[in-house]
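Colleague: I have a model open and would like to learn how to read it. Could you walk me through a few features?

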Amino acid sequence: MKKLILAPAVALAFTGLVAAPVAAAEAPTTQSAEAKAAEKEKAEKEKAEKEAAAKEAAEKKEAEEKAAAKKKADEKAAAKKKADEEAAKKKAAAKKAAPQPAKKESTPSASPSQTSSPSPTSTPSDEATDEAQKADPVLVVPQGEVAAEDLGDPAKGVTVTVNGLEAGDKLTPLNGLAGDSVTATGTSATMKLYYEGDASTLPDGPHKFAIDYVGAAGIKELSGSVNVKAADDAVAPIDASLTVDPKEITAEDLANKDKGVKVTVSGVKAGDFVTDNLTGEKQEVTADGDYTFTVFSKDKPEDIKPGKVEFIVTVDREGTTSALLDGEVTIVEDDAVAPIEASLKVVPKEVTAADLANEKKGVKVTVSGVKAGDVVTDSLTGIEKTATEDGDFTFTLYYDGNPENIEEGPVDFTVTIDREGTDSATLKGQFTVVNDEPEAPAEATLTVSPKSIESGDFINEKKGVKLSVKDCQPGEDVRFMVKAKDRSNITAYDRTIKANKDGKATVTVFGTSDNASAYVGSYSVTVTCGDTTMKDSFKVTGSPNAGGGDGSGDEGHDNGSAGNGSELPRTGAELNGLAAGALLLLVGGAAVTITMRRRKGDFSPSYI
């Protein structure tokens, strides 16, 4: 690749950490050694109790599985023994009924073993009986409750065991729960199963499922159930973490409540309370996610010695055990300079030769973690640039010449940061020169599934008709319109949502009225994605189990009811988390609402 000679156009950008100072409380300045020891002892005790409970549950589960396996083994042994006895009786009876040969004189050389009755041999019926006893699959499900959110997590789910197998037997999830198929390598096999629907809708109590077995014992359906604890009742343990910035600080800055260190606790929820033992200040979290506050020392700077200062942040949440997070900051001398901790970002990572040769475009290089006075030098130009503020330092690299001299491919460079009193830091960067003519984006496509559906299935919220669009621009508006053909008594569905990060958008349309026959007919589908318009259609056919009348409705009601005008609407179109909306159909003058299926407590004012 030809060497680039770049001239920099330098643009500065900086950001700083901003946090409201925490008001000083009248709490003690530091936590006593006894109090810290008590807190640590409490945390260790809680940890030991949890480990003991987990161990007890595991031992109980293992004992139950062993008992179930032993019971099945005993039953199989008894059945085999009985079959052997029956086979022996039949064989003896057949032998007795057969003509007996003349008894020969025994000779002196005959041994007692030679004159005794021959040992029994297996007959075809014996072998068939033995073969039938080899495989007898039994499904074993763990006892106790499983939290709904855990059951809906593929990484957790529930692990079940099938005993009484032979190598090569195959197990496949059939219904109720999903998971990967398993082929047995011995007499037992385990499967991790999970609920692939919306776990927040699972109620308390048993949830049934089935596994398809194909093997030596033939084809069987193994049924079981797992005891679910509904999501609303389950309180997950606090899963939080803590970061401190900066990690090194002078005694003067730590004793300054307007500076101090910024502590960020991740994984908190609105309503949690966060307390640090340096200030004793208790603060309420207002939003889920990260919570940042300032921790400082109430000691005088001269009383704070160089070295590590450890502290504890406690997270309290109603209904569950508190979380204790350890934090620390290192006190350095005033004349000590911390090592440079910086990072580099290049935008864009791909650039055309024409843009690289344009001084108003080029590539933006941002170095984060610099301090005022740092000298920044890139290896492409060798020009030194001085940062004027703490935080981020941004400059532009561009090619001062004819873009035709720039070859396509990656361009590697380094950025060196020099700071007085400490070692320099060198960061690596790269961008790629690409062809001026970008690939044409794929054309958006529409899929309607199924194309024909019975009215009984159309009013089933778990079925309906799925409208899917792909290859739109991420974040682009996607407009879905569904119209009933040649039927003026059904209002068109017109809804616009955003394509997701992969350029996809999906809605599922289904009927909410128990009067299924009201939906029979043809529907046109029109979807607009940017400048692309796609059209398709589907049919709703009659169903023997559809119920309802002739679709005329009840013109005396217009309050959003369906059928006879007295039933409330059920759940409607699902947008896979992309948007919320409502579909209003008018059937014979009666309003029928098809709405989105939503999580508990998730409301939106977007109803028509």
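**Reading the model**

Modeller: Let's start with a sheet: 3 strands make an open sheet in the order β26-β28-β31, with antiparallel pairing. Strands here are DSSP E runs of at least two residues, helices are H or I runs of at least four, and both are numbered from the N terminus; two strands pair if DSSP finds at least two bridges between them. At the edges sit β26 (445–449) and β31 (505–509), each pairing on one side only. On average, neighbouring strands of this sheet are turned by 15° against each other, direction ignored; the axes are lines fitted to C-alpha atoms, for helices over the stretch in contact, and angles between N-to-C directions run from 0 to 180 degrees.

Modeller: Before we go on, this is a predicted model, where local features need pLDDT of at least 70, side-chain atom pairs count only at pLDDT 80 or more, and totals for chains, interfaces and linings use all residues. Residues are numbered from 1 along each chain as its sequence is written, and side-chain values use heavy atoms, with hydrogens and water left out.

Colleague: How many bridges join β28 to β31?

Modeller: Strand β28 (residues 465–470) is joined to β31 by 5 bridges, and the two run antiparallel.

Colleague: What about confidence?

Modeller: pLDDT is the predictor's confidence in each residue, from 0 to 100. Its mean for the protein is 78, and 72% of the residues reach 70 or more. Over residues 98–133 it stays under 50, and the model has 15 contacts there beyond four places in sequence, contact meaning heavy atoms within 4.5 Å.

Colleague: And how do I read a salt bridge?

Modeller: Side chains of opposite charge can pair when their charged atoms come close. The cut-off is a side-chain nitrogen of Lys or Arg within 4 Å of a carboxyl oxygen of Asp or Glu. A search of the whole structure finds 11 salt bridges.

Colleague: Which residue does D150 bridge to?

Modeller: D150, in helix α4 (residues 148–151), forms a salt bridge with K156, the closest N and O atoms being 3.5 Å apart. D150 is partly exposed at 26%, as is K156 at 46%.

Technical notes
Buried means under 20% relative accessible area, exposed over 50%, partly exposed in between (1.4 Å probe, protein chains only).
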